[in-house]
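Please examine the sequence and the structure shown here.

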Amino acid sequence: MAFVYDYPRPAVTADCVVIAKEKEPKVLLIQRGNEPFKGCWAFPGGFMNMDETTEQCAVRELEEETGLKVAEIKQIGAYSKVDRDPRGRTITVAYLAIIDKAKDVKGLDDATKAQWFPISGLPKLAFDHEEIMKDAQRLFESL
């Protein structure tokens, strides 16, 4: 059954920050293949389907965009600044996945590349992903 509402509703996305806990920790990023921020680096993520949770969305998008499968994720937080996405009102829930070492990945779906970066040398990130990264790093260091 479809519903029609008098008031606009925001879209919901989920992002997955993956950190490999090596001697120098690494972070998995994708290079965006589509606008907005085409060609920029970001966390794997995307829009939530109507039949899934944000957790399921984060795990699905990670696999769709990089080929990487993870079993466990921890919520970093929800990000809802009004102008965080130029496509429209979008709220994201970000998750952290920690793996022992960087695994082979490749850019799939709408990601042109997937690549590991040292946590101390990340490129400029799309959207508000620099803010999400700061929170992810705090969570990672507390675990």
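Predicted model: local features only at pLDDT ≥ 70, side-chain atom pairs only at ≥ 80, totals over all residues.

Residues are numbered from 1 along each chain as its sequence is written, and side-chain values use heavy atoms, with hydrogens and water left out.

Side chains of opposite charge can pair when their charged atoms come close. A salt bridge is taken here as a side-chain nitrogen of Lys or Arg within 4 Å of a carboxyl oxygen of Asp or Glu. By this rule the count comes to 11 salt bridges.

One of them joins K81 and E131, with N to O at 3.1 Å. K81 lies in the loop between β5 (74-79) and β6, and E131 in helix α2 (residues 129-142), so the pair ties together parts 50 residues apart in sequence. Helices (H or I, at least four residues) and strands (E, at least two) are DSSP runs, numbered from the N terminus. Relative accessible area is called buried under 20%, exposed over 50% and partly exposed in between (1.4 Å probe, protein chains only). K81 is partly exposed at 49%, and E131 is partly exposed at 31%.

D128 and R84 form another salt bridge, at 2.8 Å from N to O. D128 belongs to the loop between β7 (111-118) and α2, and R84 to the loop between β5 and β6, so this pair ties together parts 44 residues apart in sequence. D128 is buried at 10%, and R84 is buried at 6%.
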